[in-house]
Structures are given as structure tokens and as C-alpha cells.
Amino acid sequence: MVVFAKKQPSACLVLAEGAVFWGHGFGATGKTIAELCFNTAMTGYQEIMTDPSYAGQIITFTFPHIGNVGVNSEDDEATYPKAAGMVVKWDPTEASNWRATATLGEWLSRHNKIAIGGVDTRRLTRLIRQQGAPNVALVHDPSGDLDIAQLLQAARDFTGLEGMDLAKEVTCSKPYHWNEPRWNSEVSQQDSDSKLNVVAIDYGIKRNILRCLASVGGNVTVLPATASPEDVLAASPDGVFLSNGPGDPAATARYAAPLIQELMAKSDIPIFGICLGHQILALALGAKTVKMSHGHHGANHPVKELASGKVEITSMNHGFAVDSQTLPPNVIETHQSLFDGSNCGIRVKDRPVYSVQYHPEASPGPQDSLPMFEQFAQDMRSFKSH
């Protein structure tokens, strides 16, 4: 009889409440402390890891086959992975895809990101669903020298995402322009005179959002999260876009909300927000946000448009939500999650100012929500013509 030796643990995940998950480390070595969430998407692990909205979070992937197609430079949503780390069921295999330029482990190591495989992700996901998103410590040490007591204390000392302004950590350092459209876009060649000047405020913007804005005729100027009203107006915008991003929206809104309020006071310029941008817009209008138990992270979230009754299958990534009960009278709730009834969209009455909690650029439907960008372009054209 042949006996196969079990692979010794070289990594572990320690939750602040005391649970310990052993596994096999890959990617970088070292330790990271963050909030733990789970994502139910079956594809797109590279896009998820590079989504700036995941800053400060370690991601548990519920789909077991992660890493099987490797990584490539085209699928990055940012210049490098923004998530703090990753947890997977199976140790990644060799990359098996013609587009791959590196394995998942090589890519994570290059960007100093820690990962752990061989974890019972079903048990871990149930724990998150039942107890809420925990603070955790993740360590990878090939020698197996893992100090559980020290890791447990580190997880308990982490203050969590509430009150954290992470947008300043992931935003661009200086303005830049973007004109690259979506792949296979039929509207990429637009006459320069018909281009729409879009100012996108970068709280952690994804590249595919920029592609979608360019594909509907946008000449996009991206500004840092701390941009002033003067910075925005200097670009002569036909519309202002508020991007996705990480952290507590109430913390970022301390400097972001006054910008929106001043822009609305000066003109009827169209404003469109996604994810964190949605939450900041709601806060600027007088509503409140709340921390969710375990958030919404995945590519299969049904959202109902209340006016039409249409249901869209959406991609989501948020741990905070707008409290619809606090919306002022001049703001309409436009969308709701069919999972838990939480708010997923708002619109200001009689103004082209609106936002959604989900990610229409991610296209899990696959194109259920892309008309949002067309609507924004239409509103900008109307504004430009006046």
C-alpha cells in the first residue's frame, strides 16, 4: 500500500473570535490584518483582487477552482491587487489558458499579497454569514512557525473598517485622461466635436468603468478623491461621475460630500455614482449609511428597478449600504436588492442626479445594466445643448 504524506500547514487564518483555519500558503510570505469577506463569483478572480473597493479586506472565494487560468495584464482593474489577501478551497493549479502570462501565486508574490489554500471555505462562509464579517490575521510562513496567540491578538486589535477613509489610499495621485473604450465597442470612433467631457472622481475607480464611460462618447478626465469644485469646473464637464471605492462612506464623505453639494448648488450638471459614489451621493443629499453584517460580494445579485419592475442580475461589492428610511423627500429610491431589500439606487426628483449600489460595468447579466451609461450620456448631451 502506498501512503501519501499530508502537506504540512504553512499558513493560517485566525479570526478575532478565536477560530483558526490551517492551510497552505502561496503568493507572498508574511502577515496581514484585515476584514474578511466572501465572494460568490465563479469567474473573474483577477478582476476581483484588483478592484480597489477591496482595500482593507481579505477575500474568501466560495468557488473552489481559483487560479486555474492564471493571470494576464489585460484583466487588471487597477495597477496592482488592492485586496489585502485571498482564501481559497483548492491550492491553485498550473495556469491553463492561452492568455496567461503568470500563475496566480507568482503574481501575488510579485505584488506582496498573501494567500492561503486548502481551507474549508464552506465552513468559513457559513461562519461569516452567521456572525458577520470578522477581523482576521492571515500569515504565510513556509517554515510553519505560526504563533497563534500573537495572531489572535493582532486580529482583535484591528479596529475594523468603520470610520476608515480608504479612498485616499487608492485614489490617483494626479489627474489623468482616459479615452480607451470597452473591448469590441461599436462606438469607440466618435467625432471629437461630439465628445462629452466627463469628470470622474476617483475614490478607487475600476478601469472597466472608465472604458464604459469612453464607449458612450466620454472624454474622461479622472481627478483625485480630494478634488475641489474649482478642479472639477476647470475641466468644463458635461457630467460628473462618482466612482466606487473602499472603506467607510461616512469617513470619505467628510470631504467628498461638500463637493457634490456645491456642484448641485451651482448648476444642473448630470451626476452619476456607483457603489461608494452612490453612498457618498446619498450622504451629500442628507441620508445615512449603515455597516452591513457581511455585505454583498458576488456576480449573481438580483436587483429590482422599482418603477418598471425589471430585475437585473448584477455584480456587487460593498459592506456598507444607504439607509433608505433616511432618504429626504426630494430623493426617490429607484432600486432594491431582492436578497434582503436593501437600497440599491436613488435619484433626485427633477434633476439628472442618480446612483446605483451595484456595478453596471461588470456585466454579469451580461448586459443587464449597461444602459445606465447610455442614460448618463443622454443626460450629458441634453445638458451640453442648453
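This is a predicted model: local features need pLDDT of at least 70, side-chain atom pairs count only at pLDDT 80 or more; totals for chains, interfaces and linings use all residues.
1. Two strands are said to pair when DSSP finds at least two bridges between them. Seven strands close into a barrel, and their order is β1-β2-β6-β5-β4-β3-β7. The pairing within the barrel is mixed. From one strand to the next, the twist averages 35°.

2. Strand β1 covers residues 11-15 and strand β2 covers residues 20-27; the two run antiparallel and are joined by four bridges. Within this pairing, V14 stands opposite V20 in β2. Together β1 and β2 form a hairpin, with four residues between them. In the turn of that hairpin, G18 has a positive phi of about 115°.

3. Strand β2 also pairs with strand β6, which comprises residues 114-117. This pairing is antiparallel and extends over four bridges.

4. Strand β3 (residues 30-39) pairs with strand β7 (residues 135-140) in the antiparallel sense, over six bridges. Here I33 stands opposite A137 in β7.

5. Helix α3 (residues 121-131) lies across β1, β2, β3, β4 (57-61) and β5 (85-87). Relative to β3, helix α3 runs at about 75°.

6. How do the axes of α8 and α9 cross? The axes of helix α8 (residues 249-266) and helix α9 (residues 276-284) come within 8 Å and cross at roughly 65°. Angles of 65 to 115 degrees count as roughly perpendicular, and α8 and α9 are therefore described as roughly perpendicular to each other. The crossing in which α8 passes α9 is right-handed. On the α8 side, the contact is made by P249, A250, T252, A253, A256, A257, I260 and Q261. On the α9 side, the contributing residues are L276, Q279, I280, L281, L283 and A284. The residues of this contact divide into eleven nonpolar, three polar and no charged.

7. The buried residues are L276, G277, H278, Q279, I280, L281, A282, L283 and A284. Just after α9, G286 takes a positive phi of about 110°.

8. For N112, phi is near 60°. N112 is found in the loop between α2 (104-110) and β6. Is N112 buried or exposed? Its relative accessibility is 58%, so N112 counts as exposed. For S236, phi is near 50°. S236 lies in the loop between α7 (229-234) and β11 (239-242). With a relative accessible area of 48%, S236 is partly exposed.

Key:
Residues are numbered from 1 along each chain as its sequence is written. Side-chain values use heavy atoms; hydrogens and water are left out. Axes are lines fitted to C-alpha atoms, for helices over the stretch in contact, and angles run from 0 to 180 degrees between N-to-C directions. Angles under 35 degrees count as roughly parallel, over 145 as roughly antiparallel, 65 to 115 as roughly perpendicular and the rest as oblique. A crossing is left-handed if the near helix is turned anticlockwise from the far one by less than a right angle, and right-handed if clockwise. Contact means heavy atoms within 4.5 Å. Ala, Val, Leu, Ile, Met, Phe, Trp, Tyr, Cys and Pro count as nonpolar, Asp, Glu, Lys and Arg as charged, and the others, Gly among them, as polar. Buried means under 20% relative accessible area, exposed over 50%, partly exposed in between (1.4 Å probe, protein chains only).
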